[in-house]
Amino acid sequence: MDNLMPAAFVGHGTPMNALDTNRYTEAWRAFGARIPRPLAILSVSAHWFISATAVTAMAAPRTIHDFFGFPPELFAFQYPAPGSPDLAAAVRNVADPVWVGADEDSWGIDHGTWSVLAHAFPDADIPVVQLSLDASKPLAYHLELGARLAPLREQGELIMGSGNTVHHLGRLDWSSPDAGYDWAVRFGSAVSERLTEGDPASIVDLEDDPDFPNAVPTPDHFLPVLYLAGLAAAAGRHCEPMVEGYAFGSLSMDSFVLGSPAR
Ligand code: ZN
């Protein structure tokens, strides 16, 4: 055990997980309960996918309901955690020379973040900052930026990617709530193998995998796992599974932890 704050990637799945209790949400809750209390949380969410790299820098981020077609109680959900201009400044500092914009008023806390934190840190009393995903950059940019964030772990900041390593909404199979297509399981296993046994940095090579176009039809939900892979590469350590599984054929619910000291 070292004194680095653990880092994580969480497969968030449907926004309804914010309100539900299932084996995934229970794993997220157990993770939050077993790690040291973070000074603040930096979330890299699939749902802030824009044409720039930015951090939320407001003192009081709003809860964003960035979805449609869900019940009113999900739109009423609030995650009133404060922001952290200090963590936003620290992110911009460690990322240098990568330029990171300071977002004062456009974003906040989206459901990729709050659907998970509602379980991991239900009191919403730890400051939360989000880092955007720059849609214009190649996979290697995200891996390298993740590695640059490593010093934040030494300062007690929790870095959490939130997406899904396999995410193809156009191919959801509602008759298979707890199973994955063969290609989904193959690709999800390849990601997991690189994080937990192989070379985490080699995860970017999966762009050439024959299953990539099915598993990652758009990069938004995949990119957050590259930040954890970058942190693992920077630490010279493997990740451990937090919880594993597939949902509706084309979603992987796999989550991973880097450095998980027991408390
Ligand atoms: Zn999502």
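Is S43 buried or exposed? With a relative accessibility of 0%, S43 counts as buried, where buried means under 20% relative accessible area, exposed over 50% and partly exposed in between (1.4 Å probe, protein chains only). The model is predicted, so local features need pLDDT of at least 70 and side-chain atom pairs count only at pLDDT 80 or more, while totals for chains, interfaces and linings use all residues. Residues are numbered from 1 along each chain as its sequence is written, and side-chain values use heavy atoms, with hydrogens and water left out.

S43 lies in strand β2; helices (H or I, at least four residues) and strands (E, at least two) are DSSP runs, numbered from the N terminus. The side chains of S43 and T113 are joined by a polar contact of 2.7 Å. A polar contact is a pair of N or O atoms within 3.5 Å; within protein, one must be able to donate a hydrogen and the other to accept it, and residues adjacent in sequence count only if both atoms are side-chain atoms. Leaving aside residues up to four places away in sequence, S43 touches T113, V129, Q130, L131 and M160, contact being heavy atoms within 4.5 Å.

Strand β2 (residues 40–50) also holds H47. The zinc ion is coordinated by the NE2 atoms of H12, H47 and H221, at 2.0 to 2.1 Å. Donors are N, O and S atoms within 2.8 Å of the metal (3.2 Å for Na, K and Ca); water is not among the atoms, so sites may look incomplete. Along the chain the donors follow the spacing H-x34-H-x173-H. H47 is partly exposed, at 23% relative accessible area, whereas H221 is buried, at 5%.

The largest nonpolar core has 52 residues, of which L42, L131, L149, L152, F187, I203 and F222 touch the most other members. A nonpolar core is a set of buried Ala, Val, Leu, Ile, Met, Phe, Trp, Tyr and Cys residues joined through side-chain atoms within 4.5 Å. Helix α9 (residues 223–235) gives the most to this core, with eight residues. Apart from this core lies another, of 35 residues, including F67, F77, I126 and L251.

In helix α1, the residues Y24, T25, A27, W28, F31 and G32 are buried. At the start of α1, a side-chain oxygen of N22 comes to within 2.9 Å of the backbone nitrogen of Y24.
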